[in-house]
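Q: Could you walk me through the annotated positions in this entry, with the cut-offs spelled out as we go?

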Amino acid sequence: MTGQPKGFHIGASYYPEHWPQERWERDLGAMTDLGFTAVRMLEFAWSRLEPRPGEYRFDWFDRAADLCETFGLSMMLGTPTAAPPVWLISAYPDILPVGPDGLRRQPGGRRHYCLHNERYRAAARGVVEQLANHLAGRTDIVAWQVDNEVGAYRSTFCYCDLCEAAFRRWLEARYHDVATLNQRWGTVFWSQEVRGWDEVQIPRPAMNGWTGSNKSALLDFWRFSSDALADFVGDQADALREWFPQVPVTTNWTSLTTAAFDREVMAKRIDFTSWDNYELDLYGASFNHDVVRGAKHGSQPTWTPEQRCAPPDNRQHVPLLREGEVTTMTLHNIACGSDATIYFRLEQALFGAENAHGGILDRSGGTDTRIYRELASSVPRLRQIGDAVAGSQVRARVAIVYDTTAGVAITSPLPHLVKKRSQLLSHLEHLVRPYHRALQSLGVDVDVIPCGRDLAHYDVVILAGQVIASGDLATSVRKYVAGGGCLVATPFTAHVDDNDNLVAAAVPAGLTDVFGLSVTDQDFLADGETVVLARPVGAGEAPVPDLQGVLCCDLLRLAGAEVKFEYRNRWYAGTPAIASHTYGRGTAMYVGTALDHVAVRSLLTEVLAERDVEWHDLPPDVHLRRRFGPGSGPPEVTEYVFVVNGGEVEQTVTLQGRYRDLLTGEELDGAIGVKARDAVVLCRALPR
Ligand SMILES: [Zn+2]
């Protein structure tokens, strides 16, 4: 691995193949005039890089790259494999993936390839190797991007015969013999036992979706598909490193809600993580930033290879960006640990599937646009801040354990009906994101990390719907709480084994002594129904508002835990809903229902205060984030504090301690005013 990218970069995506060469100089000049430092190019240009099989044409791109060098723009280059050219598909139509309905998907868009088609893999490898070989020696490439938005729109999954054969091989490597597979998958249920590997099928929607598929098979098919995608990305990354050992490789992930694969597994194959930011508010952006940063061990800076700067083509009801919004989103990216923001895109394409996606320049390449004027005014300031904090780290004291595989076991992204008892429950939306949003609204930095990481340095850990009772989970949680940690767990903690089979033990399986309780039953609420949680009568603690839960209620049998809240309005009114237990030197709290972020916020203020984690009563849409970098002397670190206001009115945030405004040098303490859609960046020296 080559390590992390260096420095701060700001720029735009540019597609020279979309424009006559006479225009390139003016376009790239506009970027330099804006103060941009980087340009992102080449993804999707396969038909121009290899117009016919094995006939490579790099001369046009050499001219564009040389011009970038002339204008002082560094390059982030994408491999073009997300858009297989027409000649490739015409020659080998079985490259096209097959959907769960058994029908082969058609070309005409992008990402239309099967990961197990060797013809596609060879052609992809060919164009990547030829491109890297040709460009080797260039010193102005600051990062490589593999493919584009891998896994988007369920493209992780293909149901073709090649994939089925590969799935069988993957299962054989995992289970060795079919007897083990039958046992681990519970295939005796509904006579699904197989006698040989050739009888194993990819799980497809059965009986028009009225019956559920085997859940173990679904989970393994998800893992198999995720592994294949990571392998595809890793292969390209390895090939690029042959020619560019010093240039770090990433792949630009899309929003978490639209792509399904195990991010930690893929992160091991690339040098740094990145994601394309099309979120509509800063809470959504924060969550993605924290997950993407958490996919790598340690707190490494990430990148934002695409940042929305105009209405996108593929969504409805996206309003025109308001004055200051792009600047604020960029500052928020930096605040969340992103050391590059590349806007999408410099120019609106005049043709093709996305020609309604706006750009920074007008349709004729002119600069008389509102967004250009905003960036012209703000880029110098963004660079000053980005340069100052680049390479510094987010150091969260709170973590959310969010494992995507657990999400699959609760609410499958695969199109197979019947997952668990509630069709309404979303792992991400009901068990994970309310906790993240609550912490954001309290100005508490948080890492979102996969299961199995060392938790010792966190003051508070939220176990968000970790339904798989793996050995890793039990070991890390037990060690963390015993050692003095504060754990908060949601419904669906430790119910099933690694194959999504129920564990024949009281739940949370293997952890009932840590929580001092077990879950005896689960009630599911209808859409719109709520449950009220209140302090037990006579609890004698500081009054807090009643909480409101939705969707599911765990009925709890206590064995040492202390009731914090009880259900108040259903037939089990008066029974425990939230309970806390001392285990070793720490505490484990179990929250028996899905809370919205307002209720979580209320609950967490107490938890954070007990652990001496500072929190702020932030106004809506105001975000407080911190990064830590080297200080001016060895015993010091520099703390950078970002107060980002994504809202429509000026706000004031009160901070303890003395700070210096990073840009003006003005000394500040107490109330910090932040204008609407703007940010203030402060810094101070702290002991290490
Ligand atoms: Zn396939």
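A: First, a caution on the annotations: UniProt positions are given in the numbering used here, feature names are shortened, and annotations may be inferred rather than shown by experiment. This is a predicted model, in which local features need pLDDT of at least 70, side-chain atom pairs count only at pLDDT 80 or more, and totals for chains, interfaces and linings use all residues. Residues are numbered from 1 along each chain as its sequence is written, and side-chain values use heavy atoms, with hydrogens and water left out.

Q: Ok, which residues does UniProt list for the "Beta-galactosidase C-terminal" domain?
A: The unreviewed UniProt entry gives residues 638-682 for that domain.

Q: And how much helix and strand is there over 638-682?
A: That stretch is 0% helix and 71% strand, and its end C-alpha atoms lie 10 Å apart; strands are DSSP runs of E with at least two residues, helices runs of H or I with at least four, numbered from the N terminus.

Q: Switching topic, where does UniProt put the "binding site"?
A: The unreviewed entry places this feature at Arg110 and Asn148, which are spread over 39 residues of sequence but cluster in space, with a largest C-alpha distance of 9.7 Å.

Q: Is Asn148 buried or exposed?
A: Asparagine 148 is buried, at a relative accessible area of 1%, whereas arginine 110 is partly exposed at 25% (buried is under 20%, exposed over 50%, partly exposed in between, with a 1.4 Å probe and protein chains only).

Q: Which loop holds Arg110?
A: Arginine 110 is in the loop between α4 (86-91) and α5 (118-135), while asparagine 148 is in the loop between β4 (141-145) and α6 (161-175).
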